[in-house]
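Hello,

Here is the structure I promised to pass on to you.

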Amino acid sequence: MTSIGTGYDLSVSTYSPDGRVFQVEYAQKAVDNSGTAVGLRVKDGVVLAVEKIKHSRLLVPHANRRIMTASKHIGVATAGWISDTRHLVKRVRDEARDYRSTYKVEIPAKIIAERMGMYAQAYTLYSAVRPFGVSTIIGTVDADGPQLYMIEPSGQYVGYRGCAAGKGKQVAKTEIEKLNLDQMTAREAIKEAARIIYAAHDDSKDKLFELELSWVCAESNGLHVHVPQDLFDEAIQHAERSLNDDDDDDEMEGDDE
């Protein structure tokens, strides 16, 4: 018996004969069709970057953000359905507030990632619900230093030095693997994150997009905030310059041939 989804994708609580849960795979497809989100964990903090596709020129700049602050020291970047994003960010905020109220300290990254992974996984168990069409990147600095986790629609959560989700994740992952993240500062990572987003967007040049950048590090006093405008402008200039240099190199190689 083969499984192509027919009959086995009607409920998230049904396995196919070869052990697949098609509703979870469909949720992952929603993530893969979204703008790229990137997280970089460096020696002094975490940097988050998102490629927010603009579907209309009439959209208000900086509206419908895909990078949000869940607690003073926790930043969340997402790829996928923005409506699901808002629900999950609200859940992160609730978990952080409840933990702080109970234990009088900020919630550690591992615990918030575990709780959100369990929450997302619960939506893959019951036929009355559907999985979240979002991959969630959580960046923070806690007592153990900079922390970066990504939570998949399946509920799986993994700690990373660098991660990416969305349409350009393969290009982004390739670029991230070239970086020496353990020796990089947050200021340097901002420029690299912008460059990676621009490189990942290169295959969709006809689509308008807005870059979002945030960090949580010593320079931000341990708070998750969007990067200052001067650093943001420098990062964009660096990304555009790198992209133009790559285009010039490609043209030169073509002429040589």
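Predicted model: local features only at pLDDT ≥ 70, side-chain atom pairs only at ≥ 80, totals over all residues.

Let's begin with the annotation. The UniProt record, an unreviewed entry, gives residues 8-30 the label "domain: Proteasome alpha-type subunits".

Next, turn to the surface. A nonpolar patch is formed there by L125, Y126 and V129, and together these residues have about 280 Å² of accessible area. To find V129, look in the loop that runs between helix 3 (109-122) and strand 5 (134-142). V129 is partly exposed, because its relative accessible area is 31% and that class lies between the limits of 20% and 50%.

Now for the backbone. Most residues other than glycine have a negative phi.

H62 is not a glycine, yet its phi is positive, at about 70 degrees. You will see H62 in the loop between strand 2 (45-53) and strand 3 (67-71). With a relative accessibility of 48%, H62 counts as partly exposed.

N221 also is a residue other than glycine with a positive phi, near 60 degrees. The loop between strand 9 (209-217) and strand 10 (225-226) holds N221. Its relative accessibility is 68%, so N221 counts as exposed, the cut-off being over 50%.

Enjoy exploring!

Best wishes

How values were computed. Residues numbered from 1 in each chain as written. Heavy atoms only, no water. UniProt positions renumbered as here; feature names shortened; annotations may be inferred. Patch = residues over 30% accessible without salt bridge, like charges linked within 9 Å, V, L, I, M, F, W, Y side chains within 5 Å. Areas by Shrake-Rupley, 256 points an atom, 1.4 Å probe, with all protein chains shown as cover. Salt bridge = Lys/Arg side-chain N within 4 Å of Asp/Glu carboxyl O. Helix = DSSP H or I, 4+ residues; strand = E, 2+ residues; numbered from the N terminus. Buried < 20%, exposed > 50% of the residue type's maximum accessible area, 1.4 Å probe, protein only.
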